[in-house]
Amino acid sequence: MTVLERGLGRGTIGMVWDDAPYPMLTVDSAGIIEQANEAARLLLAGAAVGVPLARVAPAWLSQAHREVCAGRRVDQRAGQRARGPVGGPVFEAHPVHAGRDRVTWWLVDVDDHQRAVEELRAEREWTAFMVEASVELLSSLNMERCLEATARLAARRLADAALVVMPLAPRQYAIVYCDPRGEVSHERASVDPRTLPGLAEALQGFPPAPIRWVEPAEAPGWVLRDRGGEVGSVAVTALPGHGLAAGALVLLRRTPQAGFSDAETVFAPLFTAWAGAAISVARLYAEQAAIAETLMAELLPPTAPPLEGVELAARYRPAGDSERVGGDFYDVHPVGGSGRESLVVLGDVSGKGLEAAVLTGRIRNILRALVPLADDHHRVLELLNGALLTHGDPTSFVTLVLASISRRANQVVVRLTSAGHPPPLILRNDGRVEPVHAAGTLIGLVEHITSVTEPVLLEPGETCLLYSDGIVEARGGPLGDEFFGEERLCEQLRQCAGMPPEALADRVQMLACQWVGAGEHDDMAVVAITAPREPSHGAPP
């Protein structure tokens, strides 16, 4: 008795043997069957205990048994395995020595085995394809890439060529086509989906309509793409999105057979679901990005327009490398007040990031409405203060500097009012740097504000520099914890006498950024107002 028989018992071993899915039989050295399970009895009619193997088995199996018992190899390439037909199918017989004078044979249907191997291989290929598809479809939020990937993957695995149709506007569709060579083309076209049976239903919504097989003769030219003779069948299926159809997938096959294989029936719905979800997410992201871009355009610092009789340059750098707007801002209004002056505003709102940018946009809109009152800086600041106190956050405030600019012969007059903001600096031609003490109350915290307006006269080549505290409070230096400071800024400006406003604004921003290095910094805004050296024709006396 074997160890297995002692452990499980002969009755249990017999049950396992008899229920084995493969035909199994034990034959002694004389060729007499000692044991045959149910599968063997069904395969070899008459196989039973005591029956000669040669009577019920094909000759190749009997010959193989004799050779195994004699110690000879059946086939040098297959070891002691033997192969041959039993009825119609081909079986492979594997011998196992069950003792000195007995051999147990178990038989495998080669066709079934090969079929199972092929099915496993095909399933592995489909699984690998789905992994590749999920990675390619879900790794990008670019809508065009998602459409292209969907068409290319479908043409490679589900058809010979494929089209992805996505609605854009009434009768306007994005069509992405992948030809049999794998080349992808994009186009926007005005088409009627009713010209292709099943397409209108596929584009309607959720739940998606079932796949529709169409005769090529029923497909319009914009679908067949001049390949009518090469197309044997056409399939139309939905690309389901999040509650709405993201589009439709049109498959073009050379074979005339309409229908999916068993594997395609399983994996095609998974692929279209993933593709539809990816396209929906990418489209939603694109729409939100377009909305954000439109709103952002109103918040971005403007390009400084040319002002008559004065040279002007402005620079802005937000706190974060990935940000485009922040709490610092500047605006340039060519006509302010009575029309004889231009108005430049530079400000810094409390906070950072998106909330500061929203407050910045609100303040800029209010100031834009107050430009007609720009002759009176204090009145403008009072009205802005009242608007912020009435509709703003109690903790939100802004510091400002207003600069009204007019030309007097070859000189430029700048009226400056500072509301809690760092003092403007005047850079004279001889290198002197003079701060303008136009002090005032910051805006948005207290009901009553004070302000002082200070006029400054610029000779040709002299500059008035407006800047936000992000410049002087830039923290860095050798130890990384020291402010750049107004004193260091003035020292650097003394070396910039006569510099054009563009170069001066660039240098101030560059100095602050170099001081910070790789460290964090606040928003930075700089505006340089320079009296031109060349006389302005037609300037008022």
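Visitor: What makes up the lining of the largest cavity, by class?
Guide: This is a predicted model, where local features need pLDDT of at least 70, side-chain atom pairs count only at pLDDT 80 or more, and totals for chains, interfaces and linings use all residues. Residues are numbered from 1 along each chain as its sequence is written, and side-chain values use heavy atoms, without hydrogens and water. The lining has 4 nonpolar, no polar and 5 charged residues. Among its residues are D160, R227 and E230; Asp, Glu, Lys and Arg count as charged. A161, P180, V231 and L252 also line the cavity.

Visitor: How much space lies in the largest cavity?
Guide: About 60 Å³. The structure holds 2 cavities of 30 Å³ or more. A cavity is a set of points on a 1 Å grid where a 1.4 Å probe fits but cannot get out, and lining residues have an atom within 4 Å of a point.

Visitor: Why is α14 called oblique to α15?
Guide: Helix α14 (residues 486-493) and helix α15 (residues 501-516) pack at about 135°, axes 11 Å apart. Under 35 degrees is roughly parallel, over 145 roughly antiparallel, 65 to 115 roughly perpendicular, and the rest oblique. So α14 is oblique to α15.

Visitor: Which residues of α14 make the contact?
Guide: R488, L489, Q492 and L493. Contact means heavy atoms within 4.5 Å.

Methods: Axes fitted to C-alpha atoms, helices over the stretch in contact; angles between N-to-C directions. Helix = DSSP H or I, 4+ residues; strand = E, 2+ residues; numbered from the N terminus. 1 Å grid on protein atoms, 1.4 Å probe; cavity = no way out; pocket = protein on both sides within 12 Å on 5 of 7 lines; lining within 4 Å. Points joined across faces, edges and corners; volume = space filled by probe spheres on them.
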